[in-house]
Amino acid sequence: MEIKINKSTLSLVEGDITKQDTDAIVNAANKTLRGGGGVDGAIHRAGGPKILEECIKIGGCETGEAVITTGGNLKAKYVIHTVGPVYRDGLHNEPKLLENAYRNSLKLASSKGIKSIAFPSISTGAYGYPLEDAAEIALKTAINYLWEHPDIELVRFVLFGQKTLEVYEKKLKPLV
Ligand code: AR6
């Protein structure tokens with residue numbers, strides 16, 4: 001599924017984020033930036049040790065913030081590492097922190113002249129964020145950003161598995 005926001009494109013695909021040919025891909029990292037499982041593990045495995053070296057130099061990243069490294073052996077030139085919230089009950093600022101993770105990643109992309117960026121579904125794996133709620137925040141934040149920042153030409157959500165893709169599609173339809 002694909003929609004236009006002014007001249008920019010927002011698309012939803014099923015797939016593996018490490019295979020994307022966008023200028024940047026986003027990593028659902030943790031505060032230590034030392035790697036982990038899920039998307040984080042896949043990106044470090046596919047991208048090679050250079051990414052981790054740069055992450056170690058950066059030192060860490062707060063929840064909702066974002067940092068950038070090169071893409072190592074990936075097709076993408078950059079990896080933007082952001083940290084989504086660990087979901088507890090929705091009453092601990094989780095929605096705002098998840099929104100910040102998307103918005104700060106996009107801001108960082110703009111500041112580096114990045115034109116195309118691929119996101120995974122941040123916080124909905126190990127961090128336990130309910131998928132429907134997280135999908136709505138992810139999509140609204142990206143759409144709002146694209147309305148105001150036409151410098152980003154493509155935001156692609158790369159969803160793992162058909163079910164996740166379907167939830168994002170269901171949430172995108174009423175926003176179009
Ligand atoms: N491409 C796209 N999506 C993927 C991929 C992939 N290669 N692999 C998994 N997903 P998670 P989180 C999906 O757990 O919830 C790590 O250990 C997955 O199915 O990667 O933000 C970090 O170091 C799910 O839908 O990220 C942190 O400690 C989504 O990506 C912690 O996990 C996010 O799942 C972060 O947890």
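1. Aromatic pairs to start with: I get 5 of them. Keep in mind that this is a predicted model. The one I'd look at is Phe119 with Phe157, whose ring centres are 5.8 Å apart with 25° between the planes. That pair counts as stacked because the cut-off for stacking is under 30 degrees.

2. Where do Phe119 and Phe157 sit in the chain? Phe119 belongs to strand E6 (residues 116-119) and Phe157 to strand E7 (residues 154-159).

3. On to the ligand, which you'll find in the largest pocket. Its shell holds 22 residues, and the nearest of these are Asn30, Gly37, Val39, Asp40 and Gly125. Sorted by class, the shell splits into 10 nonpolar, 10 polar and 2 charged residues.

4. Which helix gives the most to the shell around the ligand? That's H1 (residues 38-47), which supplies 4 residues.

5. Asp16 places a polar side-chain atom 2.9 Å from a ligand nitrogen. On the backbone side, a polar atom of Val39 is 2.8 Å from an oxygen of the ligand, and a backbone N or O atom of Ser123 is likewise 2.8 Å from a ligand oxygen. As for cover, the ligand on its own would expose 710 Å², of which the protein buries 87%.

Note on methods. Residues numbered from 1 in each chain as written. Predicted model: local features only at pLDDT ≥ 70, side-chain atom pairs only at ≥ 80, totals over all residues. Heavy atoms only, no water. Near = heavy atom within 4 Å. Polar contact = N/O pair within 3.5 Å; in protein donor to acceptor, adjacent residues only side chain to side chain. Areas by Shrake-Rupley, 256 points an atom, 1.4 Å probe, with all protein chains shown as cover. 1 Å grid on protein atoms, 1.4 Å probe; cavity = no way out; pocket = protein on both sides within 12 Å on 5 of 7 lines; lining within 4 Å. Sits in = over half its atoms within 2 Å of the grid points. Helix = DSSP H or I, 4+ residues; strand = E, 2+ residues; numbered from the N terminus. Nonpolar A, V, L, I, M, F, W, Y, C, P; charged D, E, K, R; others polar. Phe/Tyr/Trp six-rings, centres within 6.5 Å; stacked < 30°, edge-to-face > 60°.
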